[in-house]
Amino acid sequence: MPDADTRPTRTAAVPFGLLLVAVVLVSLNLRAGASSPGPVLEELRAGLGMTAGVAGAMTGLPGLCFGLVGALAVGFARRVGMTAAVAVGLAAAGVGLLLRVTTDSVPLFLVLTVLALAGMAVCNVIVPGWIKAHGHAVVLMTVYGTGLVVGATLGSLATAPVTEATGSWRAGLGMWGLVLLVAAPLWGWLALRERRSPAEHRVSSGPAPSGRIAHSRTAVALTVLFGIQSMHAYVQFGWLPQIYRDAGMSASSAGALQALLSGVGILGALAMPTVIARDRGLHAWMVSFGVMLFLGYAGLLVAPATVPWLWALALGFSGLAFPTAIALITARTRHPSVTAQLSGFVQPIGYALAAVGPFAVGLLHDATGDWQLVLVLLALTSVPLTLAGLRVASPAYVDDEI
């Protein structure tokens with residue numbers, strides 16, 4: 001990125017409290033709008049006259065948009081600056097979420113959903129680089145990773161109750177647009193503030209390496225780690241409750257087990273950035289992620305309803321690979337420009353894989369009529385996840401490899 005956009009901000013120029021509030025607001029808003037349609041999908045379909053096929057395609061839009069638009073985010077940030085890119089992304093997401101609940105047209109609803117997800121995709125990629133540029137990386141990445149998980153959980157938990165209380169799915173979905181637009185003005189003000197006084201807000205950190213991110217083995221391994229874990233997250237979000245229900249459990253019990261899995265992820269998001277900063281190697285952690293992933297799916301295969309909470313806990317623990325991968329984007333880079341480029345390399349590919357995973361699981365389940373082959377294949381992905389994790393476990397910098 002150009003020097004004006006990639007040089008880190010002086011800590012004194014932007015107070016830590018302001019940085020913290022900005023990161024909290026953006027992180028909480030990057031998943032709730034994407035995860036909220038699921039709990040009210042039946043009401044949404046009835047209200048718009050949406051077919052089952054279109055509804056199924058809509059559930060794959062988050063991963064698809066995060067992948068495709070995320071690949072363009074770094075180029076966009078080069079033109080307008082990282083802070084402005086985040087502000088524009090938040091505004092687009094808020095407008096999309098708000099306007100889509102005002103229409104009765106299915107095509108327009110989908111177009112506005114894509115607009116909202118595109119705005120979130122830009123923020124997904126740029127925020128880690130922005131954090132790297134402004135310092136306090138460990139604390140802010142802890143807040144950011146935790147906010148992503150909490151936001152996704154809130155989107156799933158709060159949408160249905162609001163819909164029931166108001167009698168309208170439009171209120172349940174539309175509220176996330178209002179919440180999102182609360183964050184946009186602060187980021188817009190930060191962008192204007194930095195543009196008006198660039199010398200006051202930035203100091204040079206030297207030129208960024210000019211090589212291709214794809215030449216870095218660490219970057220490639222981190223992409224594999226992030227991609228496989230993202231795929232599992234979307235598969236578990238979309239299909240795990242059904243696996244439990246097909247094993248004879250009630251809908252409420254299956255939902256509670258899904259919440260248990262998500263709760264473990266919140267704890268992990270709080271812990272992993274500090275673990276990475278203090279640990280010289282993460283090899284034991286990476287092996288444990290792979291082992292727990294295998295055991296979780298193996299348990300669902302042989303005894304899904306015997307100790308179901310144990311399999312949820314195992315899969316939840318393996319899901320700590322997600323906040324770990326997010327935190328490693330800043331921990332394995334030095335220059336903010338490289339951080340942004342690495343984020344723009346890792347996340348689009350990872351989310352593209354995440355979009356394919358749930359669709360492939362659905363096809364396999366329909367073809368076989370049960371979950372056995374699906375669970376075996378999911379368990380076997382623990383091998384590449386572990387190998388990729390071991391490659392990024394030792395301290396290394398992408399800057400040095402490119």
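The second largest pocket is lined by 20 residues, and those nearest its centre are Ile276, Ala277, Thr330, Ala331 and Arg332. A pocket here is an open set of points on a 1 Å grid over the protein atoms alone, where a 1.4 Å probe fits, with protein on both sides within 12 Å along at least five of seven lines; lining residues have an atom within 4 Å of a point. The model is predicted, so local features need pLDDT of at least 70 and side-chain atom pairs count only at pLDDT 80 or more, while totals for chains, interfaces and linings use all residues. Residues are numbered from 1 along each chain as its sequence is written, and side-chain values use heavy atoms, without hydrogens and water.

The lining comprises 12 nonpolar, three polar and five charged residues; Asp, Glu, Lys and Arg count as charged, Ala, Val, Leu, Ile, Met, Phe, Trp, Tyr, Cys and Pro as nonpolar, and the others as polar. At least two lining residues come from each of helices H9 (137-166), H13 (251-278) and H16 (321-331), helices being DSSP runs (H or I, at least four residues) numbered from the N terminus.

Now to helix H18 (residues 372-380), where Val374, Leu375, Leu378 and Ala379 are buried, that is, under 20% relative accessible area with a 1.4 Å probe, protein chains only. Viewed down the axis of H18, these buried residues fall within an arc of 130°, so they line one face of the helix; the arc is that of the directions from the helix axis to the C-beta atoms. They pack against helices H12 (217-246), H14 (283-302), H17 (336-368) and H19 (382-393), with contact meaning heavy atoms within 4.5 Å.

How values were computed: Buried means under 20% relative accessible area, exposed over 50%, partly exposed in between (1.4 Å probe, protein chains only).
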